[in-house]
Amino acid sequence: MAPRVVNKEQRRKDIASSCLDLIHDVGIKKLTVAQVAKTAGIGKGTIYEYFENKDDIIFEIINIHIEAHHNNFLETIKDVKTTKEKVFHFFNFVLDDSIENMKHFNGYKEYLSIVLSDENKAMCEFNTTCTDFFNLQLKNVIQEGINNKELIPQAMDLSQGLLIFEKGLVLLKMSEKDFDTKYACEIFINNLFDLIEVKNDK
């Protein structure tokens, strides 16, 4: 009988998936490879067959969360008519105060604190990859709006600015007690779209 072929990428995902809650329950800094192995029901040595180190495990867990967020975003905007509404949905990560979302938001807060304070090069590089991914999401939404003659072509130049604004909202929500995230977001996006939406002269 031929030996069973193990798909390494899938096995990585399976191990990380079994630890999705662990990263929130324990925290990124306190998370250990031993805890991951125990939660995944495998030996500590086996972990190193699939991951280089603890950071590698964290990146895989975050990737799974991002993939789920991305799929949820695409599903949510499927029947949304206007680009402006789609952009508001894109900002849902910072606007949603539900218990489930705040669990992810606070996890991201710890992740950012490590990137900023520990000068972790691997995490900085991973952060860049995540930013590029979300920027592409926004570009796709804006391009669709341009193709539909809903937005002026120059709107494409604003994708990175929107992403920077979102990161600014995240930081202010994390660091200021009474910051009104929803109000700040609505004012900015509504005013921005007044400038980039195609005006239909009647």
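Helices here are DSSP runs of H or I with at least four residues, numbered from the N terminus. The model is predicted. By that assignment the protein has 11 helices and 0 strands, and reading along the sequence gives the pattern α-α-α-α-α-α-α-α-α-α-α.

Taken along the principal axes, the C-alpha atoms fill a box of roughly 75 × 50 × 30 Å. The protein has 202 residues, of which 38% count as buried. Among contacts with a sequence separation of 6 or more, 66% join residues 24 or more positions apart.

Helix H3 covers residues 33–40, and its buried residues are Val33, Val36 and Ala37. Viewed down the axis of H3, these buried residues fall within an arc of 100°, so they line one face of the helix. The spacing can be read against a general rule: an α-helix has 3.6 residues a turn, so residues three or four places apart point the same way. What do the buried residues of H3 pack against? Their partners are helix H1 (8–17), helix H2 (22–25), helix H4 (44–50) and helix H5 (54–77). Just after H3, Gly41 takes a positive phi of about 75°.

Helix H6 spans residues 83–90 and helix H11 spans residues 181–196. The axes of H6 and H11 come within 11 Å and cross at roughly 150°. Angles over 145 degrees count as roughly antiparallel, and H6 and H11 are therefore roughly antiparallel to each other. The crossing of H6 past H11 is right-handed. On the H6 side the contact involves Thr83, Lys84, Val87 and Phe88, which meet Cys185, Glu186, Ile189, Asn190 and Phe193 in H11. Sorted by class, this contact has 5 nonpolar, 2 polar and 2 charged residues.

Helix H10, residues 159–175, packs with H11 at an angle of about 165°, and the two axes are 10 Å apart. That angle makes H10 roughly antiparallel to H11. H10 also passes H11 in a right-handed crossing. Here Leu162, Phe165, Leu169 and Lys173 in H10 meet Thr181, Ala184, Cys185, Phe188 and Leu192 in H11. The residues of this contact divide into 7 nonpolar, 1 polar and 1 charged. Cys185 is listed in the contact of H11 with H6 and in the contact of H11 with H10.

Leaving aside residues up to four places away in sequence, Lys173 touches Val94, Leu95, Asp96, Asp97, Met102, Phe105, Phe179 and Thr181.

Leu195 lies in helix H11. The cut-off for exposed is over 50%, and Leu195, with a relative accessible area of 65%, is therefore exposed. How far apart in space are Leu195 and Ala155? From C-alpha to C-alpha they are 9.1 Å apart, while 40 residues separate them in sequence.

Terms used: Residues numbered from 1 in each chain as written. Predicted model: local features only at pLDDT ≥ 70, side-chain atom pairs only at ≥ 80, totals over all residues. Heavy atoms only, no water. Axes fitted to C-alpha atoms, helices over the stretch in contact; angles between N-to-C directions. Helix = DSSP H or I, 4+ residues; strand = E, 2+ residues; numbered from the N terminus. Parallel < 35°, antiparallel > 145°, perpendicular 65-115°, else oblique. Left-handed = near helix turned anticlockwise from the far one by under 90°. Contact = heavy atoms within 4.5 Å. Nonpolar A, V, L, I, M, F, W, Y, C, P; charged D, E, K, R; others polar. Buried < 20%, exposed > 50% of the residue type's maximum accessible area, 1.4 Å probe, protein only. Arc of directions from axis to C-beta.
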